[in-house]
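Please open the structure in a viewer and keep the selection panel at hand. The stops below proceed from one interface to the next.

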Amino acid sequence: MGKTLFDKVWDSHVVHQVENGPQILYIDKHLIHEVTSPQAFNELEERNIPLFRKEQIVATADHNVPTKDQHLPIQDLLSKKQVEMLTENCDKHGVTLYGLGHPYQGIVHVMAPELGITQPGMTMVCGDSHTSTHGAFGTIAFGIGTSQVAQVFASQCLLLSKPKSMRITVNGKLKKGVLPKDVILYIIAQLGTNSGTGYFVEYAGDVFENMTMEGRMTVCNMSIEMGARGGMIAPDETTFNYVKGREFAPKGEDFNKKVSYWKTLPTDADATFDKEYTFDAADIAPMVTYGTNPGMGIKITERIPSKDDVSFEKSLEYMGLQKGEKLLGKQINYVFIGSCTNSRIEDFRIAAEYIKGKQKAANVNALIVPGSQQVAQQIKEEGIQAVFEDAGFEMRQSGCSACLGMNEDKIPAGEYCVSTSNRNFEGRQGQGARTILASPLVAAATAIAGKIVDVTEEIKELELV
Amino acid sequence: MEKFTTLTSRAIPLPIENIDTDQIIPARFLKAISKAGFGENLFRDWRYKDGKENADFVLNNTTYQGKILVAGDNFGCGSSREHAAWALTDYGFKVIVSSYFADIFKGNALNNGLLPVQVSPEVLKEMLSVIKANPQTNVIVNLEEQYIAVEGTGIKESFEIDAYKKMCLMNGYDDIDFLVSNKDKIEAFEASRTI
Ligand code: SF4
């Protein structure tokens, strides 16, 4: 019987099968950041265990960094200490660090792909659930806890049982104004937030084949929001072209050799999955969420459903919304375009294309946070920064920012924020903040109108994806 | 890691679904660089409202006590932060009962001697109503025989756990010891790779 993409990559990384137990899985690349690594370094030191393969680790500071005045010392003392701790640990253990001020610094899931660290067929982990992002390259990539960070430090391996496999196929052509973010929000709204628990997902079909790498990353990024450990997309020419020539990508003959191997990775025609879902691209529309988990999403023109359920009602109460209400036309005072879901160059190009020549509404605070220093640089060079600034948006430096509000970038209590991030949990963007997840296009349109508008109506005349 | 064999304790009901790790421990409390002290901020934004204790929240209601938390479906979804498991153990919980656990949370809990017990939705419902009606009720969790029961009622159900993880919990071992002891296999694997 044939093998899936997931099987091929997983099986080629199994070091050992423990009798009646898990497998020892080899990890090619380990990404770390300031929040989930200090306790792991402590653990190793306490047990007197050295780092096993320090050259396979790359560090950056992203979660807990300011997005203003990054050249100055960090104001918040606890944050400062945490970031310094990362520098200290990396220095002590010889780990490569792209810290604040480094031209490669950025959100870990934006930085690694753009540097060519992420490559097809690899296994990758990071102490961060959105590590699933890297699956866009046909990589097995997933988030781990701090104990596991310590395990990888100690052995470059993890003890795991092989997850089950799921394939989600979307065929057809997406409508104008429907972005990769809408595709994944739609899928999660259809399947629910725990539909993927215990599974690794492969996304297949025309829609993903036609997507750019940025779009594929947006989709794989949110796999975790349906409970799946990760998501993958088969590597193809789009993938190879993206990887080629990047800083840490294989070069010359080595690259060609890798490509021949990568071409063997896609799922065999006779392979089977434990679960399969199929959707039609034509059914997908721009999406917004109305509740406090990413599965609570509707098409932008739909009404909030009615459900008699305590958790559902608690969620609407937090959001200050009613059953049966429409979000269309709702006044919004905060817009955030950023996070590892949507802070790559393509996201800003789309937003800027829409915004060009317009002004943001007076009631809106609009924050633009590039995913990395490299993206920030590119935004400047392409003139996108000027478009945002002319329209009254606030440009910041790279980091996780208002995605999780660990730094000063928070949404005030009770306020709605249309956000391109991935989680609308209670308090995620600040205590009492109300998050509405959406695509960068919907976010941009919201900022201009000061309320939620139907972008499909808006962009008819625009040449957009 | 502390050993876990059996536990008899009262339980605290928290019948909310999809409790995510941002609720268990909000991001603004993740700035610490050690594992200690997170219990103080467990469920912070539900426990405190406007700087005061929220009397409506179950952890502030002394009627309910114990080392077992009985929570709604899909517990621990969201971020991979192990701080969630640290906050729960630091607060004093040894067992979390739910009808579903998010993958990463489950692994993190097990790596910290916190036992996630997955029960059927029916048993979860029954347990919640018994505990609510009679907060003195004891719940028994027997890891060796893999069952959970509610004292003085007929409620009893077996639960699943990975055999390796069970062995680790019962002996207080962890994965690092095991992995490091397999170093020669790992090195041999590295040497055998061709691509
Ligand atoms: S941007 Fe948000 S989701 Fe992504 S790594 Fe940072 S905090 Fe996590």
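**First stop: between the two domains of chain A**

Across the interface of domain 1 of chain A and domain 2 of chain A there is one salt bridge, a term for a side-chain nitrogen of Lys or Arg within 4 Å of a carboxyl oxygen of Asp or Glu. This is a predicted model, in which local features need pLDDT of at least 70 and side-chain atom pairs count only at pLDDT 80 or more, while totals for chains, interfaces and linings use all residues. Residues are numbered from 1 along each chain as its sequence is written, chains are lettered from A and ligands numbered from 1 in the order in which they are written, and side-chain values use heavy atoms, with hydrogens and water left out.

Select residues 5-278 of chain A as domain 1 and residues 300-457 of chain A as domain 2; these bounds come from an automatic or database domain assignment. The centres of the two domains, taken over C-alpha atoms, are 24 Å apart. Domain 1 of chain A brings 40 residues to the contact and domain 2 of chain A brings 41, where contact means heavy atoms within 4.5 Å.

About 3,100 Å² is buried between these domains, 54% of it from carbon and sulfur atoms. Buried area is the accessible area (1.4 Å probe) that two parts lose on being put together, summed over both. Next, highlight T67(A), I107(A) and K181(A), which supply 21% of the area that domain 1 of chain A buries against domain 2 of chain A, more than any other three residues.

Now display E225(A) and R423(A): their side chains meet in a salt bridge at 3.0 Å, N to O.

Colour α4 (108-114), α6 (180-191) and α8 (213-221) of chain A, each of which supplies at least two residues of the side of domain 1 that touches domain 2. Helices here are DSSP runs (H or I, at least four residues), as are strands (E, at least two), numbered from the N terminus. The largest share of that side, five residues, comes from α8(A).

**Second stop: between chain B and chain A**

Select both chains: 53 residues of chain B and 68 residues of chain A take part in the contact. Chain B and chain A bury about 5,000 Å² between them, with 57% on carbon and sulfur atoms. On the chain B side, K31(B), I33(B) and I195(B) lose the most area to chain A, together 15% of what that side buries.

How many salt bridges are counted between chain B and chain A? The count is seven. Side chains of opposite charge can pair when their charged atoms come close. Show R53(A) and E190(B), whose side chains meet in a salt bridge at 2.6 Å, N to O. Then show D177(B) and R47(A), a salt bridge with its closest N and O atoms 2.6 Å apart. D177(B) lies in helix α7 of chain B and R47(A) in helix α2 (residues 38-47) of chain A, so the pair joins two chains.

The interface of chain B and chain A has 32 residue pairs in polar contact, both at pLDDT 80 or more.

Conventions. Polar contact = N/O pair within 3.5 Å; in protein donor to acceptor, adjacent residues only side chain to side chain.
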